[in-house]
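Hi there,

Here is the structure I promised to pass on. My notes on it follow below, so please read them with the model open.

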Amino acid sequence: MATMASVPAAHQTRYADNVYFQDGKALTGVLASLLYLLVAVSLDAAGYVENMTLLAPVTFGALLLGFLMAYSRFDGFFALSHSMFTGLAWILYLMSGTVSRAEVAPFLSNGIPEKQAEAYFVLLRWLNWVDAAINDVASADNYVFIFEMSFLVWWLTYLGIWSIFRYGYTWRAVIPAGAVLLVNTYYAPSSILGFLIVFVLVGLLLLVRTNLAEQQLRWREQRIHYNQDISWDFLRQGLYYAVIVLALAWIVPGLGRSAQVRTVLAPVNQQWEAASERMNRLYQGINRQTRPVAAAFGRTLSLGGAREVTDDYVFRVDAPIGRYWRAVVYDTYTGRQWLSTAEEEMAFEAGESVPIAEWEMRQPLTQTITLLGPASNVLLGAPDIVQASVPMDAVVRSLSAPEAEAEGNGPALPVEVSIARTDRGFESGDQYTVVSSNTSVTELALRNASVDYPPHIVERYLQLPDNFSQRVAEDARVVTADAETVYDKARALELRLRTIEYNDAIEAPPPERDPVEYFLYDIRQGYCDYYATSMAVMLRSVGIPARVVSGYAEGSYIQEGEYQGFGYYFITERDAHTWVEVFFPEYGWIEFEPTAGETQLNRPRGNEATSQEFPSYPQPGADSASSNPLQEEMFDPMDEPGVFGDEFSFGEEASALAHSWWLWALVTPLALAVGLWVIWRTRVAGPSQFDPNLPPILYERLQRWATRLGLRPPESDTPYEQARHLSQAVPEGRASIRAITEVYVRYRFGGQRWATDGASTERARGAALADWQSLQPVLWRAWFNKLLGRRKPAEPNHYQLVDK
């Protein structure tokens, strides 16, 4: 059995310490701990759900175990496996404290101890959530969200501490934590930007400290003397650098303003939106940040908690009339959310017409939309969009029977648009124009409408979940009992729902509670998603085809426009809205407004001219006597000057912003180039004049280049042997490599003779500096050849680097 005496002393020291960094361990630990505590506290401060305060003790536990394992003698496999089970136990223990006694009453009644029952309850909720995820069913279980966030924070913290202290991988620790905080900052219901700023400062200081500790290890191995107070100088300079980086990040616009960048990232954005929709479906109970246009309108609409909106402007509409600006249509209700299940896609060029149905009492309506805030590629317009001044990719649904749709290669015509997007992203100041087939139907026409619904309409738009509330269905029958027509039944439900109090700040319904019952009977307050959902499902329960639509309400009308004498509609975030559409066989989908917070939707009665309440916009070539002017003689916007001339135009609001963007587009690359040149000059190019420590600096740079070129000489090699390996890889620089190594050996081992031989030493130093400057381009060429796979084979060793 080997004794400690038989082990080299150096190996004993490294094995006993067992951490990578030997300098500044205390400060590194403090900075790393602060880094992960910032992530945990920011997730709690975001306000997604309650009981997120346990993330702080989760982080403390991960920090403690991470430090213990990093300083221990255990290998990576044992440390990681042990941390997983310890983390699960610690998180379950902390989460058991958030479970109420009423929730575990069934377990307690069976004689299970309270703490064990609480752990069983959390595990059961997690298993139910997994089952919902596998079966693609909506879930609003906040316990699972807290559990998964706790596990995420545990692993981030533990692996970060382990990576830094055991292996010195600081970047691998900082980047994942920063990514989590960045995503959290973007999606948090409450602003947590301050946490991100502090995180960047702490992260950069941690990188500076660990980089210095690594240099100190190298200097100590090479017996290079340095001032022990150097760490504070590095930290001070690192703090200055961090502040400069933050300042630049704050004032320099993002690359997202570039159309080319947006085009490249378009597939990534589409995948991200799909993933976001799936996450919204699985975590319906959490509070979310309502965002204009892009984030608010996807293929799913969940009934969740409070929404936070502002009065910031989103866009402006130049049109003669307006009521709704549609974004997406939902057709399927799962019991906790709406889905847009249309799958057929059609691409339309700018000005190309969508083959919509020929509904009665429709008129063409032209709208010019100017974006005033953050935007995406979702097209907005009054129902139904027929043309756009930009190319659009539309998800459509055929209005023909399913068997007709299956006969051709694409959807059977006519179609309706579920959601339309452009092939690029918009930005503030962009304009586009759309032409819609806008309804001018009257109450009299709707009361006299047929109820002969096509079978595919009945099948799709009378769909309800299997466990639909019988209480809600019974109330719908009672409310509509005295109404004789479909229109009167819809109006009866619409007016009844408008008696419920409007409130944006409601809590999400409990996981086990039906959202519609929660809205109608428990809290009797809510916002548009709940009003629209309640009306749509109640209509379906009495046999009336209905669906839910999201977009924006009309906004504020200001009579100052230049468009044929009409004014502007200014739309803010607060106007983001969801409403109901009911199907009438002759007239298509007609809007209803059940939300108490919106103005009531009153249509012309039918015994007076439609134009008095819904003025029509006279279009070139339209036949005023036609019952359907949109279809019989379509308005061609390409003939109207200024409407479809350019795909994009910028309003006055964007001029200053565009000028600022070009300014920073020129300044930023210049600043980055200067910074990179300084770094390159300092770390690679070396000093431009003689320094007393020049020989070890140049030799250290040779070693770095050898590593960069893929050379790994044994640690037992002498400087001459290491130089020989590098010379074989870079034969053009053999003479310079030999000269630099020679000067280093004389400096390192020459002792008093090197220090006292002034003239000879000075000439050797000057020659070494000249050799280094001539060697740099040779090394760069060798590195580029290696990257391109053109590296030359090592040549035979023609001579030994010896001192003759």
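Let me start inside the fold, with Thr-157. Leaving aside residues up to four places away in sequence, Thr-157 touches Tyr-36, Thr-59, Ala-62 and Leu-63; a contact here means heavy atoms within 4.5 Å. Thr-157 sits in helix α7 and is buried, at a relative accessible area of 1%. For the terms: buried is under 20% relative accessible area, exposed is over 50%, and partly exposed is in between, with a 1.4 Å probe and protein chains only. Helices (H or I, at least four residues) and strands (E, at least two) are DSSP runs numbered from the N terminus.

Before going further, some ground rules. This is a predicted model, in which local features need pLDDT of at least 70 and side-chain atom pairs count only at pLDDT 80 or more, while totals for chains, interfaces and linings use all residues. Residues are numbered from 1 along each chain as its sequence is written, and side-chain values use heavy atoms, with hydrogens and water left out.

Overall picture

The protein chain has 26 helices and 20 strands, and 50% of its 804 residues are buried. Of the contacts with a separation of 6 or more, 76% are between residues 24 or more positions apart. Average pLDDT (the predictor's confidence in each residue, from 0 to 100) is 75, and 69% of the residues score at least 70. Over residues 684–692 the pLDDT is below 50, and this stretch has 25 contacts in the model beyond near neighbours in sequence. Residues 561–565 also stay under 50, with 10 contacts beyond four places in sequence. Where pLDDT is low, the predicted coordinates should not be read in detail.

Around helix α4

Helix α4 covers residues 76–96 and reaches 30 Å from its first C-alpha to its last, close to the 30 Å expected (1.5 Å times one less than its number of residues). Its buried residues include Gly-76, Ser-83, Gly-87 and Met-95, and what covers the buried residues of α4 includes α3, α6 and α7. Phe-74, in the loop between α3 and α4, is partly exposed at 42% and touches Met-69, Trp-162 and Arg-166, not counting residues up to four places away.

Salt bridges

With a side-chain nitrogen of Lys or Arg within 4 Å of a carboxyl oxygen of Asp or Glu as the rule, the count is 18 salt bridges. Which residue does Glu-118 pair with? Its partner is Lys-115, with the closest N and O atoms 3.5 Å apart. Both lie in helix α6, three residues apart; Glu-118 is buried at 6%, whereas Lys-115 is partly exposed at 42%.

Asp-384 and Arg-326 meet at 3.0 Å, N to O. Asp-384 lies in the loop between β9 and β10 and Arg-326 in strand β5, so the pair ties together parts that are 58 residues apart in sequence. Asp-384 is buried at 15%, and Arg-326 is buried at 8%. These two belong to a network of salt bridges that links Arg-326, Arg-362, Asp-384, Glu-416, Arg-547 and Glu-581.

Surface

The protein chain exposes about 38,600 Å², with carbon and sulfur atoms supplying 58% of it; areas come from the Shrake-Rupley method with a 1.4 Å probe, and for residues only the protein chains shown count as cover.

Best wishes
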